[in-house]
Structures are given as C-alpha cells and as structure tokens.
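Reader: I'm new to this. Could you show me how to read strands, sheets and chain contacts?

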Amino acid sequence: MSSSPHGSSFASTEIIIEAGRPSANYWRDLWRYRELAGLLAWRDIKVRYKQAALGIAWAVIQPAVQTILLTFVFGKLAKMPDGGVPYPLIVLTGLLPWQLFTSAFSGAGNSLVGNSHLISKVYFPRLLVPLSALAVALVDFVVMLALALPVIVIFGQSPGWQLLLLPLFVALALLIAFGAGLWITALTVKFRDFRFITPFILQVGVFITPVGFRTDFLPNWRDLLALNPLSGVVDGMRWCLLGGRTDLYLPGLGVSIAVAFLLLASGIWYFRRTERQFADII
Amino acid sequence: MSLPAIEVSGLSKRYVIEHESRHDSLRDTLHHAARKVWRRARWGTGFEKEEFWALRDLSFTVEPGEIVGVIGRNGAGKSTLLKILSRITEPTAGRVALRGRVASLLEVGTGFHPDLTGRENIFLNGAILGMTRLEIRGKFDEIVAFAEIEQFIDTPVKRYSSGMYVRLAFAVAAHLEPEILIVDEVLAVGDAQFQRKCVGKIKDVTRGDGRTVLLVSHNIATVANLCSRVLWLERGRLRSFGPTEQAAEAYLRQFSPEHSLAFATAALPRDQRHMGGLTIVSVELNAGEPLVNREAVSARIHFKTSKALTDVSFGLGFANTDGTRLITVDSDFHLERRDLPAGCTGYVELRLASLDLGPGTYCLDTGARSGEATPLDYLPSFGVTEVHPRSGAPAGFAFLGGGVRASAQWHWVTL
C-alpha cells in the first residue's frame, strides 16, 4: 500500500461530501488526475489514427480539396487581391488555424455527451474531458502543418523568424476553442439540441473569418472582421507562415486575446456551476 | 479507537420530476417556460412538481475493515447511495465523511474502448479507476495472469468473447488498492468459476490490510458469504443495519410471508444482463405441501416469453443459508432442450423421487437459459424454504443441521 507513490498521500485524506459544498480541492484534483487527461487524449488519438492509412489520407485529402475550392471561390470567382502571394497559399495558411479551431471547438463541444458513460460511472474533475479533446486537435494540427510547410516552400515562399511566434497563435486558437467549447459542452448536457449549434457556427464562421482571403487589402472591412476573435488568429498565423508577407493587424489581435480570456473565464464559470448536475441529467 | 471509515449523517437526495415537461431540447424549454408564465399569470400556479426522495435522512457508520452489504429492492436507493459516496452526484442534504483512499466500481470495465487492445485498456481503465501509471505497470503481469488472457493481450478487446472481456475488466478492478472500496453488483458477471475467484479476491483484499468494503448486491447469498453487517434500504430510508444472518433471513422472508412454498418472482430485482426474452413469473413447490426429507418433491416454474427462443432449459437450485449450492436440478441434464414461441406463458414441472436434504432452512435459486451459456433469466436466492423431518425419523435428527443427506444401501457385517 504505502509502496505506491500516492498511497501515503491518499492515506491521510478525508473526503467530506456535503450538499452545495464547492469542492475546495478541485484544482488540486485536476492536477492529480493529469495522467487521466493524458490517457483520454491518447485514447482519442490512438483510435483516430488506428486505421492509419485512412487517417493520414484523410488528413491530406480534406485540406487539399478545401484549398482548391476556396482558391477557386475567392481567388478566381471573387478575384480577391493576393498582393503577390500565390493564392493557394493564402488559403492554405488560413485553413491551418481554421482547422485547428474547428477540431478543437467541436471536439470540446461534444466531449461531455461523448463520454457520458464515464461521467455517470466515475468521479474525476469533469474539466478533464474537454481539456483532453484539445490534445487531439493539436496532434491533427501538427500533422497538417508538417504537410503544409513543404508546400509553402515549393510555392517559393520561405517562412522567416516569424515562425517562432507560431506557438503563441496556436495557443490563442486553442484558448478560444476551449472557452467556447466549455459553453457548448455544458449546455449540450442540458439541452441536447445545442449540438446543432456547433456545425452552424462553423459553417458561417468559415466565411466571416479571413480563411479564404487576406484582410490587409480590405481596409473598409478590416475593423468589422476584427470583431471576430478568430480573425486575429488567422491573420497572425498567416503572417507567421508566410514570413511576414502579410500584415499583422494588432487591433484584431487585441480583440482575439481579450475575447479568448473572456470566453475562458466565463466558460469555466458556467462549466463549474453546472458540473455537479452533469451525472444526474446526462 | 480510530475514527469510522465511512460516516454518513442525515443523507438525503431529492430528484424533482416536473410534470408536463420533458424538455430535452431548448425549444421545448422555451415553450414550457412561456406556458409556465402564462399559467402563473392566469391561475397563479406553475406546473406541478413532484418530488422524489431517492434517499431520506440516512445515517450510519462503517468501521475500518468492515465489509458491509447493501440490500434492497429496485428503487430503494442503493445506486443513489453509491453514486453519492463515489462523488458522482451530490446529495441534497446531509454529510458524508470518507476516511482513506476511495475507489468505486459501479460497473465493470468503465471506459473500455473496443478498438484498443487489452494492454491499452488496462492502462486506460486503471487510470479511470484512479491508479497511477506506475501502479498499473507494477501490477500489469498480475492483472493479465488473473484475467487468464495472456495470449490475447495485444488483441483489440472488440474481438474478445464476453467472458474474456469481463475477466479482464474485473482483473483491473481487483488490483486496485484502496482503503475504502465501493462495489455495485459487479460480482454478478462471468461464469461461476470466475465468480468464485472474484469473491475469493475480495475476501483476500479485505482480510489483509483491514480494508473497508461497501458492497451492493441483489444476490443475498453473496452478501451473506462476504459481509459481516447488512444495510437494508427501503424506499430511500434505512430499514435495518445489523448482523448479516438476521437481515438476510428477514430480507428473504419478506418475499414469501405466508408459507414459503410459493414465490412470486416476476417483480424481483434482477441483474439486467440476464433479461433475455423470458421471465420466470413464479415458482411453486410441491403443490403447496410441506417439503419432507427423503420424500418425493415437485416444483413448477411458471414463465412467460416475449420473443421466440430456441434450446431453452430451466434449472432450480437448493443452497444452504450461506449460499453454498447443495443440489442443482437442470432440465437439460439428461433431457432435451425445447424451443418456445414468442408471447407464450406456461410452466415446467420437475419431480425428484427423493429430496435428500436434511431438515433445515434452504435458499432457492432458479433460472432459464438458451443453449449452453445464454442466460435468459436468473433469480439468485429468490426465497427460503423449510425442509421438515420425516415422521418416524430418529429423535434429534431435526437438530443435526442441513446439508445433503444421501441414502445408501448399507451392508452390515459383524465378525
């Protein structure tokens, strides 16, 4: 018993269960259960890439088709300005952050209902579930990035020192997705039809986010677009990947950061407030 | 003296069922809210709310090292109690103190993923149950050996037979080392041999380090076999909490209050896994005549079916009061199995030429299955019955206790 690393620390534990008692140890528990968070993420990644051939193929085909489509719609039909950058690259560098957000947001949003069998049978801080969904999105992103970088070089663009700032924008995309995902997943437990909201947001989002066009040649629209917190992320990541050949719009980035923290704080607040009922209604 | 391991005081859990409202969707909720406002404005009342107390003012304490069984009919509050103790759901009122590391097993194989291998699932399930990776690694070989699945450890569990799956799941759980273990029904899985192994494992676990166990079971024989005290819940309240023998007998007797020769079994609690299109409705012993040692005995098992079934057989078992089976009578032991159509009712009758049980009290269990191993219905210890001494039996025979009394041909030689 005492040979196990946690045995001794658990041995002295006294757990008090009372009505309405906010569990004082919530954040400590979250840390203690970090291995479980890792394992849940690992499970999802493993299952996703188990059929390896199809999994990797899917990771290539989906963005490739989307790049071609959006290049056609925005570059050829709408004749959006490219500022000397090959249009497929504008789209590709927009799709990377967009896909990251999409998979993190929908993953976190579906996470509680998707793991309802765990929620009704074991105790652990529920925040782990949406949190581990982010890891899956991150792995998908890394795979896609590894495939996209050679394409960028083939098209004659070389990323510069700006690439070093990429992790910041990745973190920002994940924060926004997590904050919004917390709201959706907690609401979905109570109101199942909230799951229809996610695809709707994503369908609209791909057009009001500068995924298929660059904002620096649209001065009239730029401030309006910046109200969308993802604009700052997409602009920023495009700036990183194309070696500064597009502008970084700082006010837009400011909005992104502010909204990210607002969503995160309110998301955690709502999640924690409803968490104790999850097992009763899921 | 040390503090109790589990201390429960005034524990209550209320569920509110609001009539006229099954709002699973936001639209329904908005619609409902609008109607509620309308009704309030018009009649000054909202919709009726029905309160349902799953647990009401429950208090008890469990000392370290005790094994306590929790019994009660369906809806008595057993699962709610376990869910509160496992911190899955919150109580409405009251307080619980748990002293020590807690692990709860509300089902076997929580979080098993069909696409992952046995090895991967051991780590995943172990972490879900609260083990660290280091602990799991240290016990890995033991777990695999206990589950008897060595050669399939790298096969995805979706290819496992249900027996292998259950064995692996229980093996992980059995190697938890909590100070307080909360178990729900999980013993009702696997074949009889594996069940015995599990019971043995639980006994070892508790005997060793003075671990505290709270065990919920429909199977009164398992409870009797393992537990020192029994907590009996009835409609959310504590009916009794005392030594096992008393509770077990009282619990069994309530199902057959008049004379213990006819048993209505349709509404008895069952393990969900055994519900398979056939329900044993009642069991009648000896057409209402007392059972007498070494005399012929008959039993009728009444059933109804809800779907067409093939190769059906029935069985009846007599066990002593601590749950050890003494006599097993299976209809397919030397006779054929039969097919049954959907929606039929009927009974099977068995006759034993001589009941070779000594006078005493016995537990009964019955079941039906299809083919070799598909359980259709099973009622563990659905009742107790009395076997009486034969008139003319030697005086004192009645006090010698139960058990199988075999009659034999005796040949005497004196030299």
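Reader: How do β1(A) and strand β4 of chain B pair?

Author: Strands of a sheet pair through backbone hydrogen bonds, either parallel or antiparallel. Here β1(A) and β4 (residues 93–99) of chain B pair in the antiparallel sense over five bridges. Two strands count as paired if DSSP finds at least two bridges between them. Helices (H or I, at least four residues) and strands (E, at least two) are DSSP runs, numbered from the N terminus. Within β4(B), B:A97 is the bridge partner of A:I16.

Author: A word on the model: it is predicted, so local features need pLDDT of at least 70, side-chain atom pairs count only at pLDDT 80 or more, and totals for chains, interfaces and linings use all residues. Residues are numbered from 1 along each chain as its sequence is written, while chains are lettered from A and ligands numbered from 1 in the order in which they are written.

Reader: How many residues does each chain give to the contact?

Author: Chain A gives 32 residues and chain B gives 43, where contact means C-beta atoms, placed from the backbone, within 7 Å. On the side of chain A that touches chain B, α3(A) has the largest share, seven residues.

Reader: In what order do the strands of the open sheet in chain B run?

Author: Six strands follow the order β5-β6-β7-β3-β8-β9, with mixed pairing. The edge strands, β5 (102–105) and β9 (237–243) of chain B, each pair on one side only. Inside the sheet, β3 (residues 67–71) and β7 (residues 212–216) of chain B are parallel, with four bridges, and B:V68 stands opposite B:L214.

Conventions
Contact = placed C-beta atoms within 7 Å.
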